[in-house]
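Thanks for coming. I have one structure to go through today, so please look at the sequence and the model together.

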Amino acid sequence: MMKALHNISVGETKKLIKPVIWMSIVNFVNMIPFILIAVIVHLIFDYYSGAPVELSMLWKLWGGMVLCFALMYVCQNKAMVITFLDGYSAAADGRIRLAEHIRKLPMGYLTSKDSGELGNMMMVDFDQTERAMTHILPQLISSIVVSVISIFLLFFLDWRLSLATFAGLPIAVLVLWGVSGLERKINVRLSYARIKQSNRLQEYLTGMKEIKAYNLQGANFSAFREACEDYRDACIRAEGVIGPINLVSSVFLKAGLSLITITGVFLLLGGSLEISVLALFLIVGTRIFDPLTTVIMRLSELKSCHVSGKRVTALFEQPVMGGTDNLPESHDIRFEHVIFGYGNDKILDDVSIVMKEGEMTAIVGPSGSGKTTVLRLAARFYDPQSGKVLFGGKNEAEIDPEKLMSKISMVFQDVYLFKDTILNNIRYGRENATREEIEAAAKAARCYDFVVKLPQGFETMVGEGGSTLSGGEKQRLSIARAILKDAPVILLDEATSSLDPENEIEIQKAINHLVQGRTVIMIAHRLKTIAGADKIVVLDRGQVVEEGKHSDLLHKGGLYANLWQLQTQMSGWKIGRMQ
Ligand SMILES: Nc1ncnc2c1ncn2[C@@H]1O[C@H](COP(=O)(O)OP(=O)(O)OP(=O)(O)O)[C@@H](O)[C@H]1O
């Protein structure tokens, strides 16, 4: 029970206390006027039995009723403010905490997820838990509290009528309990259908360029249509099965009303019941069914929210990348007998490489040989399955990942620019950089001239993903970011997309500026760019097959010499990506 509450409130169970207390007060205040009516009815019956009418008492009761309505407004208002404030702020805090948590998860876990799945958890699942926190849970718990207290009070007044009132309750509970397994299955299926639908939609939208270029709309659209139809079916199934079950359960519950009447009449005729007590049961007893019906209806909604809460909690419980140690002083990187695979296949097989501080180490090799994987391991996107990656002589697995990243700049092939100004996009390199520092970095990365020619200069907004700039311009902006970050280690994945000669020269100049005096690991696709590297490591099928300087490797006549020969005959021999 507490675990379920923990899941649904995504660990913010305490935030439910105030809303529940206030909603309980509201429910009680709601019932008081009906108790007062019952007392008035009692007075009327007393009058017909010969007692004098107490007018002052009637006025007091009427005044009490007016007061209750005013109190109801005040309490309801307060309950709403507290419930919504706490509920929505818990959901907002939860989303922020989850985003932080996701940032700290190993890349291996993140890449194993479908692209839309995490986004779905952040939005749809949190919407569900938000609804549970703001609407469902406070109402449900306060209804249970009010119901239990009222049941006790009614039993105290007349146990026989109370038994009649709640005779249907155990059956109603049994019905709900009996179908809870089926309900859970339906809710899980519904929630996966929802995720599948938004995954397919995301795929359809992000792949739009390819869909148009290759006229694929038929195949892709049918996947999306199928997902929409699955979701529709899951919704209909959920409503069609859960709705009638809830209805059956509430019918059993409300059967108590007819039992009060019949039992009351028999007891009255037998002379063992006062008519005023029967009147009180008929008036107050009927009100008790409202919170109980709310419990039944809200319970199944809550179960659906529980599925979402469970998924979000499971993500929160995913272990983040370990390591707490501080950084060592030196910045050389060493791979020692590293074995690594994304799944069961070995992608790096017993790789040992020394990348000395202040030197440029180039990684070359055929497509799929594991070059990008070496960079990912150096940046600790993943930990090796066996062997060690050492940074300044210390095992990276023991270093705090955020501290490690503060010492590494990365320039990827596919540059992502945020939907923001160019100024801020460069500023992602170092948050507290001044405008002068950003402009200096832009100049060093050879992007200043094209930026100032844009309509709003550095204030120009770039589209999501940087789609309004050319490939070469985006590359130079990302180099400006890296220059601004000023980290001692640079991981560089040279662009493979063919650039015009002018762009290529500019990028080369920007890279030359970036790498000066730093420890550099560079994936080189155009071998001429790394001919001057301090060390060239040649990978083939996940193993180091050669290493040395350009001239030595050429002289050796091995794989590197072959690749060099091939490249001098043709340009742009391969394409690679770093995620
Ligand atoms: N995230 C991933 N999940 C599963 N397999 C992957 C992943 N990334 C890469 N691989 C596989 O690992 C192998 C090595 O990939 P890697 O990208 O390191 O090679 P590469 O030498 O950089 O290739 P390229 O030059 O084409 O970019 C390939 O077979 C690739 O399919």
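Let me start with a question: how are α2 and α3 oriented relative to each other, roughly parallel or roughly antiparallel? Before I answer, a reminder that this is a predicted model.

Helix α2 takes in residues 17–48, and helix α3 takes in residues 55–104. Their axes come within 8 Å, with a crossing angle of roughly 165°. Angles over 145 degrees count as roughly antiparallel, and therefore α2 and α3 are roughly antiparallel to each other. The crossing of α2 and α3 is left-handed.

Next, the annotation. The unreviewed UniProt entry gives "transmembrane region" for residues 20–45, 57–75, 136–157, 163–182 and 259–284. I will take two of those spans and say what the model has there. Residues 163–182 are 80% helix and 0% strand, and the C-alpha atoms at the ends of that span are 30 Å apart. Residues 259–284 are 81% helix, again with 0% strand. For residues 259–284, the end C-alpha atoms lie 15 Å apart.

Now the cores. The largest nonpolar core contains 69 residues, and Ala480 and Leu491 have the most contacts inside it. Helix α17, residues 471–485, supplies the largest share of this core, namely six residues. Apart from this core there is another, of 30 residues, including Cys75, Met121, Met133 and Leu302.

Which residues does Ala480 touch, leaving out those up to four places away in sequence? They are Ile426, Ala441, Ala442, Ala445 and Cys447.

His337 and Arg446 are the residues to look at here. His337 has a positive phi, near 50°, and is not a glycine. His337 sits in strand β1, residues 333–340. Is His337 buried or exposed? His337 has 12 other C-beta atoms within 10 Å, so His337 is exposed.

Arg446 also has a positive phi, near 60°, and is a residue other than glycine. Arg446 belongs to the loop between α15, residues 435–444, and α16, residues 448–452. The cut-off for buried is 20 or more C-beta neighbours. Arg446 has 23 inside 10 Å, so Arg446 counts as buried.

That is what I have for today.

Technical notes:
Residues numbered from 1 in each chain as written. Predicted model: local features only at pLDDT ≥ 70, side-chain atom pairs only at ≥ 80, totals over all residues. Core = buried A, V, L, I, M, F, W, Y, C linked by C-beta atoms within 7 Å. Helix = DSSP H or I, 4+ residues; strand = E, 2+ residues; numbered from the N terminus. Contact = placed C-beta atoms within 7 Å. UniProt positions renumbered as here; feature names shortened; annotations may be inferred. Axes fitted to C-alpha atoms, helices over the stretch in contact; angles between N-to-C directions. Parallel < 35°, antiparallel > 145°, perpendicular 65-115°, else oblique. Left-handed = near helix turned anticlockwise from the far one by under 90°.
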